[in-house]
Amino acid sequence: MVNPFYYLTKIYRMKFYGNIILLLIGNLLTNCVYSQPCINPVTSNCADAIAGTSEYIMTPDPCNVDFEFNDMQKYIAGITYSGSTRLRLKIDEIIAGDCKWRLMMYIDNNGYLPNNEWEPLVYYGASGTAPQLNLIQVKVYNGCGTPLNSGVYQIFAGNVNYDILEIIPALPDPRNLPGTCSGTQVNAPGSYLTDYNEYNFNIDYRILPGYSLRPGAYQIKINFCLVEVP
C-alpha cells in the first residue's frame, strides 16, 4: 500500500521591480501540484486518501496568491493574505485504534544554491540582496487551536535541507482524539464534517520586504504533507 495520504505543493513566485529609488513590486504565486518528498514508511492503519475513503482537501484550487509591492506603504507595512489556504481533513482508519497522522509543511527552492535563498527567475537590477527563505511568514490556525503554534506567525529556518514546520507533529501514544476542542494536536481518525474546527486548517501568508532586496523575479515552493505515523 502506498502512503495513505495526499501531498500538495504551493509554488511561490515573487517579482521585485526597481527604479532609481529601488522601489519593489513583489508577486507571490501559489499553485497546487502533486508532491512526493514527504512519503513516510509504508503503513496501513489509515485509509488511503486517493484510493480509499480518507480525504485531503486543499482550497482554493488553483492555489494562487499574488503579492504586489507597488507603493511605499506596502514596503513599510508588508502584505498579509488571511485564510489564503484552507486544508480540510477526513481521516478514516483501517485498523481500529492504530491510525495516527502527522501534518507538516516544508520549503523548497528547486535545488537552487545557495540553499537559503529563493530561486531567481530573472533579475531587473544589479544592486541589493537576494531574498532569503525566511522572508515568507506563515500562520496556521483553526477554531479549536489544534495546530502546533496555532495563530502565531512562523518563519522557516533558512535551509531547504531541514526547513520543516509542524502543523500536527508526530506525537507519541496515546492519540489525541477529536471532540474536546481543547487546543491539543488532534491526530486520530475524524472528519471536518463532524468536528470542523479540529480538522480544518487556515493558513495566512505575510511578506515584509524591506528596501534592500535585489529587483527580480524569484520562486520557492511550500509543500503541505499529510502522512500516516507508523
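Here is a short chat about salt bridges and a surface patch in this predicted model.

Trainee: How many salt bridges does a search of the whole structure find?

Mentor: Side chains of opposite charge can pair when their charged atoms come close. One of the pairs here is Glu-93 with Arg-175. Searching the whole structure, the count comes to five.

Trainee: How many residues apart are Glu-93 and Arg-175?

Mentor: Their side chains meet in a salt bridge, with N to O at 3.5 Å. Glu-93 sits in the loop between β4 and β5, while Arg-175 is in the loop between β9 and β10. That pair links distant parts of the chain, 82 residues apart.

Trainee: Which strands do Glu-166 and Arg-102 lie in?

Mentor: These two side chains form a salt bridge as well, at 2.6 Å from N to O. The pair ties together parts that are 64 residues apart in sequence, because Glu-166 lies in β9 and Arg-102 in β5.

Trainee: Which residues form a nonpolar patch on the surface?

Mentor: One of them is Tyr-211, found in the loop between β11 and β12. Tyr-211 has 44% relative accessibility and counts as partly exposed. Together the patch has about 310 Å² of accessible area, and its members are Met-72, Ile-76 and Tyr-211.

Conventions. Residues numbered from 1 in each chain as written. Predicted model: local features only at pLDDT ≥ 70, side-chain atom pairs only at ≥ 80, totals over all residues. Heavy atoms only, no water. Patch = residues over 30% accessible without salt bridge, like charges linked within 9 Å, V, L, I, M, F, W, Y side chains within 5 Å. Areas by Shrake-Rupley, 256 points an atom, 1.4 Å probe, with all protein chains shown as cover. Salt bridge = Lys/Arg side-chain N within 4 Å of Asp/Glu carboxyl O. Helix = DSSP H or I, 4+ residues; strand = E, 2+ residues; numbered from the N terminus. Buried < 20%, exposed > 50% of the residue type's maximum accessible area, 1.4 Å probe, protein only.
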